[in-house]
Structures are given as C-alpha cells and as structure tokens.
Amino acid sequence: MFDIAPDHAIGLYAGLLALPLALIAIRLRPARRRVPGTVLGASVLLAMAGAIHWGLISSHINEPFTALLFLMNGTGYIVLSFAFTWRWWRPASAALLGATLLGYLVYIALGFDSPDQVALATKLLELIALGLVLVPVRGELGRPRRAVRWTSLAIALPVLTLITTSTVWIVSLARPDAQHSHAGALLQATNDVATPDQVAAAAQLYAETKAAILPYQDWHQAWAAGYRPGGGANLGSTHWMNQANVDAGYVMDPRRPQGLVYANTKHGPVLLGAMFQMKHIGQFGPDPGGPLTAWHQHENICVTPIGFEFSLMTPFATCPLGSIDISASPMLHVWIVDNPKGGPFAVDIDDEVVKKIDRS
Amino acid sequence: MIEAKSSSRPEAAFVLLLMQAMLWTIAGLSAIPFALAGEVYMLGLGIASLLLALGTCLLAIGVLWRRRSARRWVLVLEVVCLIGSLLVLLLPIGANHGPVALMTNVALPIAVIVLLRKQQDAFL
C-alpha cells in the first residue's frame, strides 16, 4: 500500500504530465469564463485521473479486461474534463467518479489487484474532484439544485472516503505481499527454503543468544546493564532498550543485544527474548539462517513521544495528532520462550504465549 | 449551462478542508484500536485528532460563509501543518515520501493557502 507497483509507475507519470496540459487546455478555452473555478478545478483533476487510467493501459495489456476498463474509465474522465459546459456535466461526472471509486474497491476486495501509491493517489484525486463537482457556488446562475448538491456532498464525500480507506486498509493487512509481514513490517529478502548450513547457523545463533541473555531473566540485572523499558507496562510486552548498545552499533552480537523483550505479568517482567537492531534504516543485518533469521523493518508507524506509544499510518498518510510517521531500522528477534506460531526468530511473539505466561 | 458571477475559491477551499477533516477523522479513529489494546495515551491523541477534524470542519463552514476570522485561522492552521510536514519529510527518520503523503501533507495545505491567500476582500 505504501509502495509504487512497478507496472503502475507509468500511470503516475501520465497523471503528472496531464496537469500542465490540462491547465493549458483550460486557458485556451473561452468557455472557462462562464463556469465557476470549482468546475475548472474538477476538470483538471478529471484530466489527471483520466491520464493515469490511460497510462495504465500499456502495462496491463496482458489483462484485456482490466485494460479495457482503464480505457473506458480514462476516456470517460478525459471527455468530461473537456465537457464542463455540458448541461449534464455534474451528474455525469459525479456518477462516473462514484462508480470508479466503488468499482476499484470491489476490484481489490476480490483480489484482482493490490492497492499501491498510484491507486491511492488516484482515489484521493477522485474524491477531491467529486467534492468540487458537487459543491454549490455562491452566485451560481441557472438551476443549481443547491439542496440536492449539498445533500449529495454531505453524504458522498465522507462515506466514500471512509469506505475507501477502510477497504484499502483491510485488504492490505489481510493480504500482505510476500515482502511484508504483519503491521507493515518489511521482511529481508532471502532464499525460500533454508539450507542445512543455514539451519545449523540459526540454531547456533539461538543457542548463543539464549545463553547470553539468561541472566537477564532477573530484570534487575538487565536494569544494571543499562536496559530501560520503553512504553507503558499496561501492554502485553515491552521492549527494554540499551541505548549504549544501540549507539555502539554492535551487529548481531549475542552478548550485547540492543534490546530485550519482557512480558508484563502480574509477577513482574518475564524475559521473552532479545532483539538485535541495526543502526540505519534500510540496512538489513547479516542473515546466517536465511529465511529462518530474516530481519524486518517497521515502516510507516506513527510514534508519539507521549508514553512512547505507536499506531499505524492510515492509507492516506495521516497520523493521530501528536504523533509522527517514522520507520524503525531493521531488527531481528530471538524468542527464548516457546513461540509455536512463528518460531524462535518470528517478527512477533504470539499473544497467547504472553497471556499464558501471565496466567502461570 | 453552468455560470458564475463571483469567485468560487472559498467553495474550493471548503472542499479541500472537508477532505482534510475527513483524513484527520480517520487518523483519530485509527488510534482507538491501539488504545483498546492498552496504549492509553493513544486514546488522548485519537480524541485530539477527532477534535481537530471537527474544528477544521467548522472552519471550512466559516470559509464558506466568507468569515474573515475563519480564513485567518485556516491560514494559520495550514501554515503550521505545512511546516510540521516539511520537517517530518526532511528529517532522516524514515517518514513516508510517497505521492499520497506529499499530496495529503504538502499539496493539500499549499492548495488551501493559495486559494485563500489573496481573498481578504471577499471575506466579511
């Protein structure tokens, strides 16, 4: 959802190219003086959306049905971007924009495509264009049907924005691509199946790390070694970070992991595992176990310094007020407790494991 | 035929502000699941985002009604948003630099500022 699909990039270029062309085309038309600026704005956005759809035809030529839909949709938008003096321009534009928005959502929900930045940018353009098409303007002549347009605007824009966001989000989280794990974590690229050497290397890393961090089962020792909890103790587990180890930039050193993970139980902190972290964003660490020890990088998370808590950035790139969008440099967990769902190097510890420890 | 005899910039700004309010509403709502999972401060941030969205919506209506104070507050809000967004984009913290982030956090505030910049005479 936060990447640009290679076969969609051309659509983005076409849309950007259409912006100056649409502005020039409007300048050349005397009829522009007879319509409100909102109509001209919508016309430009329709031209851009049309160009994006046309641009995508070339990269979807092997999918005739999709290519045909892009052709029809793009042509509809381009024609409407020129026909802004037509009597039925508003209903026709609103209908096409609404149908395109809903059609796309059905398309991705059925798994025919995955949402990416080009698609989301187009949806944002279409939503704004819909608002500009519907909004009544002061001093408008003719039969503006203000009540109908206000009602349509008040319903269509919020509802379509909400449906678009939730559908895109659900589809992205429910069907992440091969490079993404849970919650937007980008996985290190590896071979598919671990070789015997990689299995042995992963086992060695696990054994060395477990032996090195066992003393930290007593959290006082971890505290004495410089590990400090980040975030509240009301969550299931907490990462305790050692800033000196982070700053030193040790690379996958079992004796000096950058972080420890503790379950927050009624008996106090219970050690779940260690976390190695690289110093720089995008710099994945050594991967001795191949697919077994793939690092992951958390991207597009909204972090707040208040209580050091986080949420996920929305598909339309907004974070809750008071938090900012960041990426965390690559990390690798080593779980020393049994983690049946993901194994000893999984991105996450199973919630059930944490709950079980808390109950014990 | 659609004809107009006065500037429709406030109406265009109204649509953009409405869109911005919707996006902040979604950001506010997105914090709630995390608050339910135990991140208590996220609840406060979620509510703050929803209040910001409500405030933006009211300012959008003020702009539509050509209220001078609404225009002034919108310009302040958009400049603050723009500065904040540019800082986040420029700092090496791995913020998203995709087209959607640029549209939402940079292009949208700039568009609102441009639309309302030279319109003081049209406002009461």
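Reader: What should I know before I start?

Author: This is a predicted model, where local features need pLDDT of at least 70, side-chain atom pairs count only at pLDDT 80 or more, and totals for chains, interfaces and linings use all residues. Residues are numbered from 1 along each chain as its sequence is written, chains are lettered from A and ligands numbered from 1 in the order in which they are written, and side-chain values use heavy atoms, with hydrogens and water left out.

Reader: How many disulfides are there over all chains?

Author: A disulfide is a pair of cysteine sulfur atoms within 2.5 Å. By this rule there is one disulfide over all chains. It joins A:Cys302 to A:Cys319, with an S to S distance of 2.0 Å. A:Cys302 sits in strand 8 (residues 301-304) of chain A, and A:Cys319 in the loop between strand 9 (309-312) and strand 10 (324-326), 17 residues apart. Strands (E, at least two residues) and helices (H or I, at least four) are DSSP runs, numbered from the N terminus.

Reader: Why is the disulfide of A:Cys302 and A:Cys319 called left-handed?

Author: The torsion about its S-S bond is about -75°, so the disulfide is left-handed.

Reader: Are these two cysteines buried or exposed?

Author: Buried means under 20% relative accessible area, exposed over 50%, and partly exposed in between (1.4 Å probe, protein chains only). A:Cys302, at 0%, counts as buried, and so does A:Cys319, at 16%.

Reader: Now, how do I read the place where the chains meet?

Author: The size of an interface is often given as the accessible area lost when the parts come together. Buried area is that loss (1.4 Å probe), summed over both parts. Between chain B and chain A it is about 4800 Å², with carbon and sulfur atoms giving 71%.

Reader: How many residues take part in the contact?

Author: Contact means heavy atoms within 4.5 Å. Chain B gives 50 residues and chain A gives 65 residues.

Reader: How many salt bridges cross the interface?

Author: A salt bridge is a side-chain nitrogen of Lys or Arg within 4 Å of a carboxyl oxygen of Asp or Glu. Across the interface of chain B and chain A, the rule finds zero salt bridges.

How values were computed
Buried area is the accessible area (1.4 Å probe) that two parts lose on being put together, summed over both.
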